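Biologist: I am new to this structure and would like to go through it with you. Could you show it first?

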Amino acid sequence: MAASETLTGEPTREQARARAAEFLISRHYYRWPEAVPWLIAIACYFVFPDRMTFGSQVLVMIMFAFSLDLILGYAGIVTLGHAAFFGIGAYTVALATLRLGWSEPISGIIAGGLVAGLVGAVVGWFILRYRGLTLLMLTIAFAATLQESGNLRSDITGGYDGLPGLTFDPVLGLFDYDLYGHTNYLYALVALAVVFYFVRRIVYSPFGQALTGIRENVRRMHAIGSPVHRRLVTVYAVSAAIAGVAGGLFTQTNAYVTLTVFDFDSSAKVMVMLIVGGTGRLYGAFIGATVYMVLEDYFSKLSPTFWQFGIGLLLVLVVLFARRGLLGLVEDAGAYLSKRKQP
Amino acid sequence: MPHIANIAVSILFDGLAYAMFLFITSVGLSVTMGLMGFVNLAHGAFAMCGGFFVVTLTRSLGVAFVPSLVIASVAVGVISMPFERYLYRRLYKSTDLEQVLLTIGLAFMSIATFTYFYGPIPKSVPLPDWLEGDVNLGFRAFPSYRAFLVVLGVVLIAVLWYAFEKTNIGAKIRAAVDNRRMAESVGINVDRLFTLTFAVGSGLAALGGALAIQLFGLTPSFAVLYLVLFLIVVAVGGLGSLKGTLLAALVIGIIDTGGKYAFPVAGNLFIYAITVVVLLIKPAGFYGRE
């Protein structure tokens with residue numbers, strides 16, 4: 001193997017294969033920086049004990065953005081109607097509690113996830129054969145149809161006035177909801193961790209790789225015989241289920257829900273969060289949702305008008321200059337610094 | 001006249017007026033999307049902009065209603081050009097997602113800007129006497145403003161149809177929608193053509209926004225509130241098709257008016273239901289290319 005020993009170092013086929021295998025085996029290993037967001041989340045519990053309700057809302061939005069990342073960031077499905085599934089989860093939990101008296105929280109969010117996932121599978125089967133504007137419009141119209149139907153039967157859903165004053169059983173029968181939302185925060189954090197573990201497994205599986213392939217070049221995936229439609233529907237259903245869980249958590253955290261969860265704004269907002277953080281990189285949703293929620297909390301109190309202008313400007317700047325989001329910027333900065341270290 | 005027929009005529013007429021508004025506002029979006037495949041969610045912002053120009057012209061500067069419609073349309077058309085030249089053009093080859101984000105960002109910024117200057121309270125405009133009240137057509141009376149909308153809509157359709165089908169520029173646009181590369185290779189300057197189309201489309205949107213003041217009232221959130229409606233008309237009609245946009249505007253305008261009359265609680269449910277059904281059967285819209 002003389003060729004492999006030359007200085008230019010073209011790897012042989014065996015070496016390349018070994019390297020690829022090593023990459024495939026090791027890429028799903030946990031690396032230490034991944035602990036950072038979780039440590040920060042736990043630290044927040046001790047540092048801001050009086051802001052736990054807000055903290056739980058941030059965690060819910062992280063999970064929602066996370067569900068969108070799975071389809072947008074990994075499978076490349078552009079949707080402006082993801083609030084539909086968030087809303088289905090939210091209303092499943094609310095209606096189960098109010099109309100059926102089923103107020104056990106954990107089974108509640110699981111039910112929310114299952115219903116949303118089921119609807120996601122059916123809807124996805126119909127709409128995922130289309131792309132571009134048609135798909136975009138179908139997702140918008142689906143969320144809007146749900147919202148209008150909910151309003152039509154406001155005797156059941158409470159309409160835009162919402163269903164207030166929902167009460168839930170203590171988590172695991174042990175931890176009751178307190179006024180300051182401490183239980184809520186930890187409960188949401190554990191739920192997020194479970195969902196995260198699940199999604200991380202998906203993303204690094206061969207299935208996840210196939211999704212990335214579909215995002216990058218759908219024709220080639222068709223050509224190599226990948227069942228594109230089936231994979232898209234599967235991931236859409238999973239993503240819908242996670243959005244449903246997030247919606248269920250939202251209802252439990254706020255103890256009320258209105259039809260505004262189906263708003264176009266809500267779908268657009270979660271997309272903005274994800275884009276600001278960075279798509280297709282697992283932790284983008286964490287950064288994006290946190291930064292967005294904290295900024296919104298701060299600036300919208302100062303002036304909602306300037307906040308809206310700011311978020312618009314931020315979007316324009318991200319598209320023009322930072323297409324991979326804040327995490328992308330961090331990575332670029334890291335690459336730049338390490339290049340400077342070793343000239 | 002029997003009661004039922006009377007109601008039917010009312011619904012048809014109001015639906016027609018509504019359809020004309022939808023057509024005028026959406027046609028520019030349809031052509032620009034068909035030409036460049038650019039998803040422009042800031043289209044509603046140009047419409048809103050036109051509406052506020054007319055409010056300022058009529059209320060503060062004392063210009064009459066009809067001349068201010070013309071001035072606002074031309075002004076917005078001119079203002080839209082630098083946006084296309086320096087901002088949109090960078091993203092023609094980008095993904096749908098990036099186009100959606102950029103234009104939604106622009107829409108948010110415009111809403112905030114106009115809220116800052118005009119406040120969030122709905123605005124109205126003073127109408128000339130001949131647009132107030134009813135106009136009698138012999139067998140029954142119709143509201144003058146809606147009659148004006150219908151007449152204006154029909155005139156614009158005729159003008160656009162002539163420009164699209166019979167003039168040199170129209171032929172170029174059709175060629176570019178059909179096959180951009182081929183059109184370029186026979187020497188059509190598609191970039192310049194697009195800037196022109198974009199400006200005309202934005203100007204028409206501004207006209208639609210101004211006409212909508214009397215129908216819905218005007219707030220800065222108009223830019224996003226009615227955007228979904230315009231996108232639906234475009235998607236259902238088929239990208240880049242004048243005929244399709246007109247048909248979609250008519251179907252949605254009339255069915256929505258009838259639906260709201262028969263089942264007021266259902267709101268926009270009919271519009272969304274039509275959209276889902278049409279797009280599932282014909283994903284490229286009535287006259288779009290598959």
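**Helices, contacts and confidence**

Biologist: Which residues of H3(B) are buried?

Modeller: Ser68(B), Leu69(B), Ala72(B), Ser73(B), Val76(B), Gly77(B), Ser80(B) and Glu84(B) are the buried residues of H3(B). A residue is buried if 20 or more other C-beta atoms lie within 10 Å of its own, exposed if 12 or fewer, and partly exposed in between, with C-beta atoms placed from the backbone. Please note that this is a predicted model, in which local features need pLDDT of at least 70 and side-chain atom pairs count only at pLDDT 80 or more, while totals for chains, interfaces and linings use all residues. Residues are numbered from 1 along each chain as its sequence is written, and chains are lettered from A and ligands numbered from 1 in the order in which they are written.

Biologist: What do the buried residues of H3(B) pack against?

Modeller: They pack against helix H2 (43-59) and helix H8 (190-216) of chain B. Helices (H or I, at least four residues) and strands (E, at least two) are DSSP runs, numbered from the N terminus. Two residues are in contact if their C-beta atoms, placed from the backbone, lie within 7 Å.

Biologist: Turning to packing, at what angle do H4 and H13 of chain A pack?

Modeller: Helix H4 (residues 52-74) and helix H13 (residues 264-277) of chain A pack at about 75°, with their axes 9 Å apart. H4(A) is therefore roughly perpendicular to H13(A). Axes are lines fitted to C-alpha atoms, for helices over the stretch in contact, and angles run from 0 to 180 degrees between N-to-C directions. Angles under 35 degrees count as roughly parallel, over 145 as roughly antiparallel, 65 to 115 as roughly perpendicular and the rest as oblique.

Biologist: Which residues meet there?

Modeller: From H4(A), Met61(A), Phe64(A), Ala65(A), Leu68(A), Asp69(A) and Leu72(A) meet Val270(A), Met271(A), Met273(A) and Leu274(A) of H13(A). By class, this contact of H4(A) with H13(A) has nine nonpolar, no polar and one charged residues. Ala, Val, Leu, Ile, Met, Phe, Trp, Tyr, Cys and Pro count as nonpolar, Asp, Glu, Lys and Arg as charged, and the others, Gly among them, as polar.

Biologist: How many residues of the two chains are in contact?

Modeller: 36 residues of chain B are in contact with 31 residues of chain A. On the chain B side, helix H4 (96-118), helix H10 (227-237) and helix H12 (269-281) each supply at least two residues. H4(B) gives the most, with 16 residues. The chain B side divides into 28 nonpolar, six polar and two charged residues.

Biologist: Where is Leu166(A), and what does it touch?

Modeller: Leu166(A) lies in the loop between helix H8 (154-157) and helix H9 (182-203) of chain A. Leu166(A) touches Ala94(A), Thr97(A), Leu98(A), Thr251(A), Ala255(A) and Tyr256(A), not counting residues up to four places away in sequence. Leu166(A) and Ala94(A) are 72 residues apart in sequence, yet 7.1 Å apart in space, C-alpha to C-alpha.

Biologist: What is the phi of Ala255(A)?

Modeller: It is near 60°, a positive value in a residue other than glycine. Most residues other than glycine have a negative phi. Ala255(A) sits in the loop between H12 and H13 of chain A, and is partly exposed, with 16 other C-beta atoms within 10 Å.

Biologist: Finally, where in chain A is confidence lowest?

Modeller: Confidence in chain A is lowest in helix H1 (residues 2-5), at a mean of 45, and highest in helix H12 (residues 228-254), at 93. Here pLDDT is the predictor's confidence in each residue, from 0 to 100. The mean pLDDT of chain A is 85, and 94% of its residues reach 70 or more.
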